[in-house]
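This report describes how two chains are arranged, what surrounds their ligands, and where a handful of individual residues sit. The structure comes first, and the description follows it.

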Number of protein chains: 2
Amino acid sequence: MSDTKEPLFNRIALIGIGLIGSSLARATKQRGLAGEIVACARSKATRDIVMELGIVDAVYETPVEAVQDADLIILCTPVSTYADLAQAMSPALKPGTIVSDVGSVKESVIRDVGPHLPDGVHFVPGHPIAGTEHSGPEAGFAELFDGRWCILTPPVGTNAAALAKITTYWEALGSMVEIMTPHHHDKVLAITSHLPHLIAYTIVGTATDLEESQQADVVKFSAGGFRDFTRIAASDPIMWRDVFLNNREAVLEMLQRFSEDLSVLQRAVRWGEGDILEDRFRKTRDIRRGIVDAHQAGTFDAREPDNDGN
Amino acid sequence: MSDTKEPLFNRIALIGIGLIGSSLARATKQRGLAGEIVACARSKATRDIVMELGIVDAVYETPVEAVQDADLIILCTPVSTYADLAQAMSPALKPGTIVSDVGSVKESVIRDVGPHLPDGVHFVPGHPIAGTEHSGPEAGFAELFDGRWCILTPPVGTNAAALAKITTYWEALGSMVEIMTPHHHDKVLAITSHLPHLIAYTIVGTATDLEESQQADVVKFSAGGFRDFTRIAASDPIMWRDVFLNNREAVLEMLQRFSEDLSVLQRAVRWGEGDILEDRFRKTRDIRRGIVDAHQAGTFDAREPDNDGN
Ligand SMILES: NC(=O)c1ccc[n+]([C@@H]2O[C@H](COP(=O)([O-])OP(=O)(O)OC[C@H]3O[C@@H](n4cnc5c(N)ncnc54)[C@H](OP(=O)(O)O)[C@@H]3O)[C@@H](O)[C@H]2O)c1
Ligand SMILES: NC(=O)c1ccc[n+]([C@@H]2O[C@H](COP(=O)([O-])OP(=O)(O)OC[C@H]3O[C@@H](n4cnc5c(N)ncnc54)[C@H](OP(=O)(O)O)[C@@H]3O)[C@@H](O)[C@H]2O)c1
């Protein structure tokens with residue numbers, strides 16, 4: 001897929017270089033997909049780490065410097081920063097440049113970024129369904145996107161060549177690409193990612209509010225199921241705040257359904273209705289089987305073995 | 001700790017031999033903790049598999065046959081079966097025999113088993129905080145209890161020598177032993193295990209009710225957090241039905257707290273209160289850190305690497 005003689009892009013600019021941005025830098029370099037990789041990081045600490053790690057060719061403080069002469073720009077910051085960043089870099093954007101992103105919501109991204117892009121600049125929003133609960137440039141790794149899906153949500157009328165090129169890029173990173181509308185994306189992710197995170201944050205929060213004597217026991221005996229929630233609930237607070245602020249409708253709808261279903265189980269527990277409990281607990285095994293069959297059952301971190309096939 | 005010359009017990013009888021029972025059989029054999037290991041399994045299929053696996057010396061259809069001459073008996077079936085099993089085996093129990101179990105709730109177990117045991121039989125209920133979402137004798141493995149906690153909940157007046165012997169047994173299996181009241185156990189497990197399972201079953205059930213077109217996407221894009229819930233929600237329906245029927249009060253109390261906390265986050269999402277979201281999301285990181293520090297952060301299956309130390 002990727003041309004090994006000539007890189008796919010001359011210069012890729014990553015705006016923000018934390019877990020996702022630095023994984024993109026590593027994977028892009030490893031697979032020779034760019035002549036040059038540059039990044040933008042607001043903090044000196046991050047700029048220093050990134051240069052020390054040697055994962056980019058140059059790092060700049062401002063977006064307008066970083067995007068200079070780039071033929072692909074990827075926003076890799078929390079989504080609430082997108083509007084300002086797009087505005088800041090727009091004076092330096094030339095026709096033919098592709099702008100993409102990795103944000104976990106997509107309708108708001110199109111609303112926030114689209115209006116700032118000059119004519120002739122191609123906007124192809126994206127979202128890799130890959131990540132861990134860790135943050136920052138040191139948490140990234142080149143294999144993060146391997147065997148994982150990347151969803152692209154091109155607005156109506158997107159340049160076909162630009163879409164094809166971004167698709168080739170993600171495939172060269174090891175991902176499978178799926179194209180859908182931003183609206184559909186936000187609905188699907190509300191149930192597969194956003195609601196699970198909200199619930200995990202909630203239950204870990206509930207445990208945090210227990211009396212101190214009980215908290216030590218919560219930590220000690222977390223292996224009974226709770227610790228799987230704590231991993232999710234250790235994810236970046238800013239990133240997730242932004243997700244919920246920007247996918248309100250879909251999250252609230254799924255939350256409403258979840259609450260109704262929880263009430264049914266709560267009632268069954270209260271009244272000792274074992275048949276209802278058993279029946280509901282049986283239904284859910286099929287979905288797990290589907291995930292195992294689709295080879296998406298590995299744990300959240302692609303470096304861990306996919307041991308669910310047995 | 002275990003005496004390599006003379007086994008700790010002459011004959012251990014496992015009543016029920018699924019995931020937990022067969023893991024006990026394997027680990028007991030591997031570490032030479034019993035002169036003989038026998039099991040009881042109601043179905044012929046299970047009896048055949050167990051003999052084929054070669055993990056016990058003999059397997060019987062009825063509890064009364066299996067417990068003959070055993071000096072340690074461990075109940076390893078769903079907790080709703082305990083009363084009948086205890087009644088069935090009681091005629092064959094001799095003074096000095098130790099009866100224990102692995103059930104995930106403890107107050108109901110003492111209520112159900114205690115009255116059936118003849119005088120002089122020592123009852124020391126237990127619960128290993130270790131497991132996977134798989135069931136049956138083929139799912140077990142000898143390392144399941146390694147580095148995991150086992151909680152013992154001896155009733156008031158339990159024979160000290162019997163308690164010491166069971167403690168030695170679990171330590172020889174690689175576990176750390178903690179002693180607490182059954183009431184405290186049931187409260188702690190309500191938040192660390194029972195509520196997480198109820199919530200995981202619920203959210204996976206909510207996804208199961210989506211239109212069919214969306215379900216395929218739920219499976220495909222599950223890597224965003226959802227799949228961690230599907231693993232928990234693939235656990236045995238009968239075992240979990242019994243847990244909820246037998247730990248009603250504590251589960252309902254924790255569920256009430258959870259629902260209140262979820263309402264706060266729901267309101268914050270609805271009204272776009274980013275500071276409340278961020279604040280709550282920050283609090284939960286400390287608990288994760290505690291779990292990592294306590295070396296209980298590995299995934300649910302002890303065979304998987306504990307990669308959360310970074
Ligand atoms: N984490 C996941 O699992 C995951 C998965 C898929 C998609 N995503 C999406 O990927 C994006 C980045 O997530 P991440 O996990 O890589 O986050 P991260 O590790 O926390 O990195 C965030 C980066 O954005 C920069 N940044 C933060 N606020 C900024 C601001 N106001 N102005 C300029 N730069 C700012 C940070 O700079 P400093 O280092 O200087 O603070 C850092 O370089 C998010 O939009 C998220 O929705 C995340
Ligand atoms: N799974 C976990 O993660 C976990 C963790 C800690 C504690 N526990 C506790 O361990 C116990 C066993 O769980 P498990 O995961 O090992 O279950 P499992 O793999 O499903 O095995 C259950 C065993 O109990 C037998 N059984 C079921 N119903 C029975 C009945 N009515 N009469 C006689 N035998 C019956 C089964 O016999 P057949 O094979 O003939 O059907 C099988 O041998 C439960 O009390 C559970 O609460 C489980």
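Two residues are in contact when heavy atoms of theirs lie within 4.5 Å. The model discussed here is a predicted one. Leaving aside neighbours within four places in sequence, Thr97(A) is in contact with Ala70(A), Asp71(A), Ile73(A), Gly120(A), Val121(A) and His122(A). Thr97(A) itself belongs to the loop between α4 and β5 of chain A, and its relative accessible area of 7% puts it among buried residues, because buried means under 20%.

**Relation of the two chains**

How is chain B related to chain A? A rotation of 180°, with 0.0 Å of shift along its axis, superposes chain B on chain A with an RMSD of 0.0 Å. The two copies are therefore related as by a two-fold rotation axis. Within chain B, the C-alpha nearest that axis belongs to Asp228(B), at 3.4 Å from it. Of the interface residues of chain B, 100% are also interface residues in chain A, so the copies meet through the same surface.

**Surroundings of the ligands**

Ligand 1 is surrounded by 25 residues, the closest of which are Leu19(A), Ser43(A), Thr46(A), Thr77(A) and Ser104(A). The shell around ligand 1 divides into 11 nonpolar residues, 13 polar residues and 1 charged residue, and α1 (19–30) and β7 (126–128) of chain A each supply at least two residues to this shell.

Ligand 2 is likewise surrounded by 25 residues, and here the closest are Ser43(B), Thr46(B), Thr77(B), Ser104(B) and Gly136(B). The shell around ligand 2 divides into 11 nonpolar, 13 polar and 1 charged.

| Ligand | Residue | Atom of the residue | Distance |
|---|---|---|---|
| ligand 1 | Gly18(A) | backbone N or O | 3.5 Å |
| ligand 1 | Thr46(A) | polar side-chain atom | 2.5 Å |
| ligand 1 | Ser104(A) | polar side-chain atom | 2.7 Å |
| ligand 2 | Gly18(B) | polar backbone atom | 3.5 Å |
| ligand 2 | Thr77(B) | polar backbone atom | 2.6 Å |
| ligand 2 | Ser104(B) | polar side-chain atom | 2.7 Å |

Beyond these pairs, the extent of cover can be given for each ligand. Ligand 1 taken alone exposes 920 Å², and the protein buries 85% of that area. Ligand 2 on its own has 900 Å² of accessible area, of which the protein covers 84%. The elements that give two or more residues to the shell around ligand 2 are α1 (19–30) and β7 (126–128) of chain B.

**A helix residue in chain B**

Thr167(B) is found in helix α6, residues 160–172 of chain B. Is Thr167(B) buried or exposed? With a relative accessibility of 16%, Thr167(B) counts as buried. The side chain of Thr167(B) reaches the backbone oxygen of Leu163(B) at 2.8 Å, and, leaving aside neighbours within four places in sequence, Thr167(B) is in contact with Leu152(B) and Val177(B). Thr167(B) and Cys150(B) are 17 residues apart in sequence, while their C-alpha atoms are 8.9 Å apart in space.

**A positive phi in each chain**

Asp69(A) has a phi near 65°, a positive value in a residue other than glycine. Asp69(A) is placed in the loop between α3 (63–66) and β4 (72–75) of chain A, and is exposed, with a relative accessible area of 53%. In chain B, Asp69(B) has a positive phi of about 65° although it is not a glycine. The place of Asp69(B) is in the loop between α3 (63–66) and β4 (72–75) of chain B, and at 53% relative accessibility Asp69(B) counts as exposed.

Key: Residues numbered from 1 in each chain as written. Chains lettered and ligands numbered in written order. Predicted model: local features only at pLDDT ≥ 70, side-chain atom pairs only at ≥ 80, totals over all residues. Heavy atoms only, no water. Near = heavy atom within 4 Å. Polar contact = N/O pair within 3.5 Å; in protein donor to acceptor, adjacent residues only side chain to side chain. Areas by Shrake-Rupley, 256 points an atom, 1.4 Å probe, with all protein chains shown as cover. Helix = DSSP H or I, 4+ residues; strand = E, 2+ residues; numbered from the N terminus. Nonpolar A, V, L, I, M, F, W, Y, C, P; charged D, E, K, R; others polar. Least-squares fit on C-alpha atoms with pLDDT ≥ 70 in both. Buried < 20%, exposed > 50% of the residue type's maximum accessible area, 1.4 Å probe, protein only.
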